2 protein chains.
Amino acid sequence: MPPSTLEQVGNRLLARLPEEEMERLRPHLEHVSFTLGEVIYESGGRQSHIYFPTTAIISLLYMMENGSSAEMGVAGNDGLVGIALFMGGDTVPNRAVVQSAGDALRMQTKVMQEEFAQGGTFQRLLLRYTQALMTQMSQTAVCNRLHTLEQQLCRWLLLSRDRLNTDELVMTQELIANMLGVRREGVTQAAGRLQKNGLISYVRGRITILDRSGLEATVCECYRVVKDEYDRLLG
Amino acid sequence: MPPSTLEQVGNRLLARLPEEEMERLRPHLEHVSFTLGEVIYESGGRQSHIYFPTTAIISLLYMMENGSSAEMGVAGNDGLVGIALFMGGDTVPNRAVVQSAGDALRMQTKVMQEEFAQGGTFQRLLLRYTQALMTQMSQTAVCNRLHTLEQQLCRWLLLSRDRLNTDELVMTQELIANMLGVRREGVTQAAGRLQKNGLISYVRGRITILDRSGLEATVCECYRVVKDEYDRLLG
DNA sequence: GTCCGTCTGTGCTGCAACACACATATAGAG
DNA sequence: CTCTATATGTGTGTTGCAGCACAGACGGAC
């Protein structure tokens with residue numbers, strides 16, 4: 001695949017690199033495709049590559065000892081998967097799962113680390129993204145504590161929508177429940193209310209966002225805090 | 001204060017710096033004291049200094065628009081306050097409040113940033129600490145979602161204990177409730193159960209940990225996940 | 001078409017935490 | 001010692017979600 005095509009459906013972090021750095025990295029970027037549910041890394045697992053999603057969305061999930069799970073963050077074409085590889089810890093105690101099938105660009109860990117050590121725009125962007133992700137994680141903590149399932153579902157839908165280029169999400173309520181760390185029935189009820197209010201419609205694993213501004217009116221402040229931070233840090 | 005005394009009651013991050021880097025930084029470290037409840041920075045506020053607590057404990061709180069709050073992380077003598085200053089974002093959307101009165105060493109932002117840009121052990125330690133803090137934040141999200149108030153209180157007590165050198169915490173239930181983002185009455189009930197079981201005792205703003213291993217038996221896995229990551233990344 | 005697996009809807013009961021109201025206990029000021 | 005502000009204890013009712021059970025509905029395989 002020629003370089004120009006690589007960046008056509010691109011990753012917004014990489015798109016912000018100056019041409020000089022991009023030229024160095026381009027030969028090391030490799031296109032990969034992910035299917036729904038694929039596990040990119042396990043909790044504590046080492047990664048051979050860092051991933052820059054282009055159309056895929058990746059969830060960072062903590063898996064409880066008893067089997068339940070909860071999402072702590074999500075990465076799309078505005079971010080990357082593999083923070084630990086440049087933060088120095090090598091691994092993190094969570095799992096990365098493909099939440100929405102799609103593509104990513106990947107780079108070998110060693111190449112990435114060498115470029116990171118140069119201290120240029122690449123390092124600066126990766127650190128700023130990491131800070132944005134921290135905001136997302138900490139706001140998730142707040143939201144889990146203080147807000148209703150319905151508000152959290154709105155937040156989740158909007159965060160997903162922002163990382164896709166379509167209003168249709170391929171996603172069952174069961175999977176959403178696993179992400180949010182709640183029961184499937186709870187998602188059914190909350191989604192039912194949103195549908196009744198004309199904000200979304202859904203059938204059997206396909207959710208369509210009908211009224212984005214309606215969702216934004218229903219969601220808690222957490223969504224905007226996270227979005228504003230992403231825009232400020234990476235916009 | 002002579003340098004040797006500065007490090008006597010020290011900060012464990014700084015203690016891990018090689019002598020060469022420490023020599024460069026020592027002239028720029030300044031001792032400061034914090035009182036309970038003091039606000040180190042406001043949400044979105046710029047900081048002139050980065051802080052390395054020695055005996056103080058600092059909570060990172062998100063303040064909701066409606067006035068309620070929730071803790072997203074905590075920093076003691078194993079960490080620092082001011083992540084955003086080297087991650088590149090300058091500010092974060094939360095507030096840093098003194099949870100336990102005590103001291104810290106501080107360094108001017110500019111000095112810190114110059115040393116960080118050197119890419120040596122200082123940078124490596126700060127990034128590893130940041131990763132540890134991310135684990136703490138994300139585990140807080142999980143814990144808020146999936147665990148009971150009593151378990152979370154245990155987690156909070158243990159995290160505080162680990163950052164003090166005494167079993168007595170000066171802390172009212174009201175303040176703990178603000179940290180955990182729950183009602184004061186809920187804390188009263190959970191603390192009452194812990195006291196009845198002989199794990200803690202408390203009177204009017206003073207909590208004493210009587211049975212640390214009992215707390216560890218009651219707490220959810222979140223505490224150990226965070227502690228193990230801190231040990232692994234910074235130990 | 002029919003079948004079967006998957007996805008969604010709904011009706012319980014139960015519990016943890018909330019909101020509000022108010023009672024009691026304690027430390028420190030005077 | 002008394003007063004007061006602050007800290008903690010308790011009761012009642014409500015809410016949001018969990019846990020469990022099962023009914024219906026849809027879609028692809030055959």
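Let's begin in chain B, where strand β1 (residues 30–34) and β7(B) run antiparallel and are joined by five bridges. To see one pairing for yourself, find B:S33, which stands opposite B:D103 in β7(B). Before we go on, please keep in mind that this is a predicted model.

Now look at β7(B) from another strand. Strand β3 (residues 49–53) of chain B is also antiparallel to β7(B), and five bridges join them. How many of the seven residues of strand β7 of chain B are buried? Five of them are, so the strand, which covers residues 102–108, is largely enclosed by the rest of the structure.

Staying with the inside, let's talk about the core. The largest nonpolar core has 156 residues. Which residues have the most contacts inside it? They are A:I58 and B:I58. Let's take the chain A one. Leaving out residues up to four places away in sequence, A:I58 touches A:I40, A:P53, A:V74, A:A75, A:V81, A:A96, A:V97, A:V98 and A:Q99.

One residue among those contacts is A:V74, so let's follow it, because A:V74 has 26 C-beta neighbours inside 10 Å and counts as buried. You'll find A:V74 in strand β5 (residues 69–75) of chain A. Setting aside neighbours within four places in sequence, A:V74 is in contact with A:I57, A:I58, A:S59, A:L60, A:Q99 and A:L159. For a sense of scale, the C-alpha atoms of A:V74 and A:Y62 are 12 Å apart, and these two residues are twelve places apart along the chain.

The contact takes 36 residues from chain B and 36 residues from chain A. On the chain B side, the elements that give two or more residues are β5 (69–75), α4 (84–87), α6 (121–146) and α11 (221–234). The largest share of that side, 15 residues, comes from α6(B). By class, the side of chain B that touches chain A has 17 nonpolar, 13 polar and six charged residues.

Now for the DNA. Around DNA strand C there are 19 residues, and the closest are A:T172, A:Q173, B:T148, B:L149 and B:G186. Two or more residues each of this surface come from α8 (173–180) and α9 (184–196) of chain A, and from α9 (184–196) of chain B. The largest share, five residues, comes from α9(A). The surface near DNA strand C divides into five nonpolar, seven polar and seven charged residues.

And which residues come nearest to DNA strand D? Of the 19 residues around it, the answer is A:L149, A:V182, A:R183, A:G186 and B:Q173. At least two residues each of the surface near DNA strand D are supplied by α9 of chain A and by α8 (173–180) and α9 of chain B. Here α9(B) gives the most, with five residues. By class, the surface near DNA strand D has five nonpolar, seven polar and seven charged residues.

Let's pick out A:R183 from that group. A:R183 lies in the loop between α8 and α9 of chain A. Is it buried or partly exposed? With 14 C-beta neighbours inside 10 Å, A:R183 counts as partly exposed.

A:R204 belongs to the hairpin of β9(A) and β10(A), which has two residues between the strands, and A:R204 takes a positive phi near 40°. Strand β9 (residues 200–203) and strand β10 (residues 206–209) of chain A pair in the antiparallel sense over four bridges. One pair to look for is A:Y202 with its bridge partner in β10(A), A:I207.

That's my tour, and I'm happy to go back to any part of it.

Technical notes. Residues numbered from 1 in each chain as written. Chains lettered and ligands numbered in written order. Predicted model: local features only at pLDDT ≥ 70, side-chain atom pairs only at ≥ 80, totals over all residues. Core = buried A, V, L, I, M, F, W, Y, C linked by C-beta atoms within 7 Å. Buried ≥ 20, exposed ≤ 12 C-beta atoms within 10 Å, placed from the backbone. Contact = placed C-beta atoms within 7 Å. Near = placed C-beta within 6 Å. Nonpolar A, V, L, I, M, F, W, Y, C, P; charged D, E, K, R; others polar. Pairing = 2+ DSSP bridges.
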